[in-house]
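Student: Could we walk through this model together, one piece at a time?

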Amino acid sequence: ILLSSHILTELSQTCDRFLVIEKGRIVAHGTEDELLRTSGGGSTVTVEVRGGKDSVVSALKGVATISGTHVVGEANGVVTIEVSLKGDSVEDVSAAIVKAGLGLRSIASHAGSLESIFLELTGRKAA
């Protein structure tokens with residue numbers, strides 16, 4: 001059965017293999033995990049670190065597998081940062097924080113969604 005839809009969250013829950021078509025051409029196909037690896041997309045982690053915002057950002061700047069950071073908040077000496085990764089490199093984030101002598105309080109990984117995979121494969125920006 002071939003199912004075509006723009007509601008990617010439902011497709012993710014319903015289908016086990018995907019075709020990504022752009023301008024009439026198949027640009028990728030496979031399982032959601034295979035597409036994630038193919039797209040070069042990674043995951044996002046939310047990190048809570050005890051330390052100053054500048055110290056945390058500085059510690060993460062040297063990590064080659066990080067594609068971006070966004071400070072979500074800072075309260076009572078704890079900084080919350082969303083970190084975008086190239087691939088699955090959560091260990092690199094925790095190692096950089098510990099090496100900098102900062103207190104890693106929590107780290108939560110969020111795998112790439114089918115929508116983020118589609119946007120990456122087609123070169124589009126999120127709305």
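Predicted model: local features only at pLDDT ≥ 70, side-chain atom pairs only at ≥ 80, totals over all residues.

Student: In what order do the elements of the protein chain run from the N terminus on?
Tutor: The protein chain has five helices and six strands. Both are DSSP runs numbered from the N terminus, helices being H or I of at least four residues and strands E of at least two. From the N terminus on, the order is α-β-β-α-β-α-β-β-α-β-α.

Student: What share of the 127 residues counts as buried?
Tutor: Buried means under 20% relative accessible area, exposed means over 50%, and partly exposed is in between, using a 1.4 Å probe and protein chains only. For the 127 residues of the protein chain, the buried share is 31%.

Student: Which residue of β2 is the bridge partner of Ile-21?
Tutor: Strands β1 (residues 18-22) and β2 (residues 25-30) run antiparallel and are joined by five bridges; two strands pair if DSSP finds at least two bridges between them. Ile-21 sits on the uncovered face of β1 with Leu-19, while Phe-18, Val-20 and Glu-22 make up the covered face. In a regular strand the side chains alternate between the two faces of the sheet. Across in β2, the bridge partner of Ile-21 is Ile-26.

Student: Is Lys-23 buried or exposed?
Tutor: β1 and β2 form a hairpin with two residues between them, and Lys-23 is in the turn. Lys-23 has a positive phi of about 50° although it is not a glycine, and most residues other than glycine have a negative phi. Because its relative accessibility is 79%, Lys-23 counts as exposed.

Student: Where does Asn-76, another residue with a positive phi, lie?
Tutor: The phi of Asn-76 is near 55°. With 75% relative accessibility, Asn-76 counts as exposed. Its place is the loop between β4 (66-75) and β5 (78-85).

Student: Which element gives the most to the lining of the largest pocket?
Tutor: On a 1 Å grid over the protein atoms alone, a pocket is an open set of points where a 1.4 Å probe fits, with protein on both sides within 12 Å along at least five of seven lines, and lining residues have an atom within 4 Å of a point. The largest pocket is lined by 18 residues, with Leu-3, Ser-4, Ser-5, Leu-11 and Leu-19 nearest its centre. α1 (8-14), β1 and α5 (114-122) each supply at least two lining residues. With four residues, the element that gives the most is β1.

Student: Which residue forms a salt bridge with Glu-34?
Tutor: The structure holds one salt bridge, meaning a side-chain nitrogen of Lys or Arg within 4 Å of a carboxyl oxygen of Asp or Glu. Glu-34 lies in helix α2 (residues 32-39) and its partner in the loop between α1 and β1, so the pair ties together parts that are 17 residues apart in sequence. The closest N and O atoms are 3.7 Å apart, and the partner of Glu-34 is Arg-17.

How values were computed: Residues numbered from 1 in each chain as written. Heavy atoms only, no water.
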